[in-house]
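Here are my notes on the model you passed along.

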Amino acid sequence: MPHRIIIRPAAAADVEKIDALLQPVARQRLILPRNRDDLFQHMQEFLVAEYDQQLVGVVAMHIYGTNLGEIRSLVVDADYRQHGIGSLLVEACERWAKGLGIVRLFALTYVTRFFTRLGYEQVSKESLPHKIWTVCVHCEKFADCDEIAVQKALSDAPVQPMKVIPILETLEDDQDNR
Ligand SMILES: CC(C)(COP(=O)(O)OP(=O)(O)OC[C@H]1O[C@@H](n2cnc3c(N)ncnc32)[C@H](O)[C@@H]1OP(=O)(O)O)[C@@H](O)C(=O)NCCC(=O)NCCS
């Protein structure tokens with residue numbers, strides 16, 4: 001039987017599981033740490049991935065202005081990686097951003113190849129506006145940040161704004177056909 005993957009906006013009941021996904025990865029310093037209060041306060045920025053009704057992935061999108069949004073806190077449960085779930089989360093952010101009228105998304109990352117495969121280009125960190133560093137000042141690596149900046153211009157093609165229906169994407173995961 002094919003597996004079912006759903007990408008949907010996060011809900012309050014997801015915060016505990018999101019926290020459990022983010023914490024170990026933050027300890028590995030692959031993403032910035034976030035506490036529960038922060039997760040609740042920014043819950044509207046999060047999408048989650050469900051695989052057969054289990055929450056296995058998360059991403060956040062933070063908006064700086066019409067010309068810029070950031071992909072943050074992207075994590076897929078280690079047991080569910082390499083199945084395209086991370087890509088689905090990023091692509092859902094792109095459609096969400098386009099629907100909101102955002103023209104460019106960026107990320108600070110160590111997984112450059114993952115992003116370039118999705119059409120992102122590497123850019124110098126200096127090319128990004130200063131305001132993006134406001135959360136980074138809390139990072140212990142701030143003075144010597146070795147993350148790579150990647151960005152993607154979202155196409156001009158019009159998209160429908162996200163509907164109230166809380167499902168952005170549903171697909172059948174049939175790995176034999178990938
Ligand atoms: C980065 C991360 C989110 C990617 O999640 P993922 O679900 O494994 O992502 P995908 O499956 O879409 O893509 C991963 C790779 O699997 C490959 N892949 C995708 N679907 C596949 C499939 N069905 N079969 C085999 N390989 C597949 C992709 O080609 C991709 O290759 P890459 O090595 O060139 O990137 C995940 O590795 C993770 O949580 N890492 C730790 C946290 C982190 O670094 N986050 C990024 C912060 S910016």
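Predicted model: local features only at pLDDT ≥ 70, side-chain atom pairs only at ≥ 80, totals over all residues.

1. Who sits around the ligand? The shell holds 20 residues, and the closest are Leu74, Gln82, Gly84, Ser87 and Arg113. Gly84 uses its backbone: an N or O atom there is 2.7 Å from a ligand oxygen. A polar side-chain atom of Arg117 is 3.2 Å from an oxygen atom of the ligand, and for Arg81 the distance from a side-chain N or O atom to a ligand oxygen is 3.3 Å.

2. How much of the ligand does the protein cover? On its own the ligand has 940 Å² of accessible area, and the protein covers 82% of that. Elements giving two or more residues to the shell are β4 (68-76), α3 (85-99), β5 (104-109) and α4 (112-117). Helix α4 gives the largest share, with four residues.

3. Two of those elements are strands that pair with each other: β4 and β5 run parallel and are joined by two bridges. If you want a spot to look at, Glu70 has Phe106 in β5 as its bridge partner. Strand β5 is largely enclosed by the rest of the structure, because five of its six residues are buried.

4. Helix α3 is also where you'll find Glu91. Glu91 and Leu118 are 27 residues apart along the chain, and their C-alpha atoms are 8.2 Å apart.

5. Now have a look at β2 (residues 46-51), where six of the six residues are buried. In a regular strand the side chains alternate between the two faces of the sheet. Here Phe46, Val48 and Glu50 point one way, Leu47, Ala49 and Tyr51 point the other way, and all are buried. Note that Glu50 is part of that buried set.

6. What does β2 pair with? One partner is β1 (residues 3-9), antiparallel to β2 and joined to it by five bridges; Ile5 stands opposite Tyr51 there. Another is β3 (residues 54-65), also antiparallel, with six bridges to β2; in this pair Phe46 faces Ala60.

7. Finally, the whole chain. It has four helices and eight strands, in the order β-α-α-β-β-β-α-β-α-β-β-β along the sequence. Of its 178 residues, 45% are buried. Among contacts between residues at least 6 apart in sequence, 73% join residues at least 24 apart. The chain exposes about 10200 Å², with carbon and sulfur atoms supplying 52% of it.

Terms used:
Residues numbered from 1 in each chain as written. Heavy atoms only, no water. Near = heavy atom within 4 Å. Polar contact = N/O pair within 3.5 Å; in protein donor to acceptor, adjacent residues only side chain to side chain. Areas by Shrake-Rupley, 256 points an atom, 1.4 Å probe, with all protein chains shown as cover. Buried < 20%, exposed > 50% of the residue type's maximum accessible area, 1.4 Å probe, protein only. Pairing = 2+ DSSP bridges. Contact = heavy atoms within 4.5 Å.
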